[in-house]
Amino acid sequence: MNNAAAKRFITAPQFAVVGASTDRSKYGNRVLRWYQAQGLPVIPVNNASCEKNQERAAQSPKEAIVEDLSSIRTIEELKNPKDTAISIITPPKITLQVLRQAKALGITKLWLQPGAEDKSVLEYANEAGLEIIAGGPCILVSGPSLLAQRAQL
């Protein structure tokens, strides 16, 4: 993990979790709850609108409330995207779409949680000049030590 990138990530004024879920056993929910437990401002992003099965998503709206927080459907709905650090917990195919959106929005703080990346995702990030945190560890592992750095600033 790139320590400078991790420090920039954890010192962001706002956070978002792409792949947030109401299923408490899923990492999208666990990561969201971690931010909440630390008292960090976080927005759940439920990217059903990015998925192929739009019809199913329309019939059963993806969780609008996750852990008592109103969710948004895409990072394009963020009020201050450039000030938001994003944890991505999605399959690589969705991650690639999120990275394209992030580049267009000028989002520079991106943490791909384990399993969110594959070769095509990493190649795109490199070609697009995105500085990502990828390849592990998860923020649930590295977060506590990074919060100590945040507190010192």
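A residue is called buried here when its relative accessible area is under 20%, and exposed when that value is over 50%. The model is predicted, and in it buried residues make up 46% of the 153 residues of the protein. The secondary structure comes to 6 helices and 7 strands, which follow one another along the sequence in the pattern α-β-α-β-α-β-β-β-α-β-α-β-α. Among the contacts with a separation of 6 or more, 72% are accounted for by residues 24 or more positions apart.

**The sheet**

An open sheet is formed by 5 strands in the order β2-β1-β5-β6-β7, with parallel pairing. Its edge strands are β2 (42-45) and β7, each of which pairs on one side only. Within this sheet, strand β5 (residues 84-88) runs parallel to β6 and is joined to β6 by 4 bridges, and I88 stands opposite L112 in β6.

**Helix α5 and its surroundings**

Helix α5 spans residues 119-127, and its residues V121, Y124 and A125 are buried. Seen down the axis of α5, the buried residues fall within an arc of 100 degrees, so they line one face of the helix. On the other side of α5, by contrast, K119, N126 and E127 are exposed. The elements against which the buried residues of α5 pack are listed below.

| Element packed against by the buried residues of α5 | Residues |
|---|---|
| α4 | 92-105 |
| β6 | 109-112 |
| β7 | 132-133 |

Two of these partners, β6 and β7, also belong to the open sheet, where β7 is an edge strand. Helix α5 is followed by G129, a residue whose phi is positive, near 75 degrees.

**The pair α2 and α6**

How do helices α2 and α6 lie relative to each other? Helix α2 (residues 27-37) packs with helix α6 (residues 139-152) at an angle of about 10 degrees, their axes being 11 Å apart. Angles under 35 degrees count as roughly parallel, and α2 and α6 are therefore roughly parallel to each other. On the side of α2 the contact is made by Y27, R30, V31, W34 and Y35, and on the side of α6 by I139, L140, G143, P144 and L147. Sorted by class, this contact of α2 with α6 has 8 nonpolar, 1 polar and 1 charged residues.

Note on methods: Residues are numbered from 1 along each chain as its sequence is written. This is a predicted model: local features need pLDDT of at least 70, side-chain atom pairs count only at pLDDT 80 or more; totals for chains, interfaces and linings use all residues. Side-chain values use heavy atoms; hydrogens and water are left out. Buried means under 20% relative accessible area, exposed over 50%, partly exposed in between (1.4 Å probe, protein chains only). Helices (H or I, at least four residues) and strands (E, at least two) are DSSP runs, numbered from the N terminus. The arc is that of the directions from the helix axis to the C-beta atoms. Contact means heavy atoms within 4.5 Å. Two strands pair if DSSP finds at least two bridges between them. Axes are lines fitted to C-alpha atoms, for helices over the stretch in contact, and angles run from 0 to 180 degrees between N-to-C directions. Angles under 35 degrees count as roughly parallel, over 145 as roughly antiparallel, 65 to 115 as roughly perpendicular and the rest as oblique. Ala, Val, Leu, Ile, Met, Phe, Trp, Tyr, Cys and Pro count as nonpolar, Asp, Glu, Lys and Arg as charged, and the others, Gly among them, as polar.
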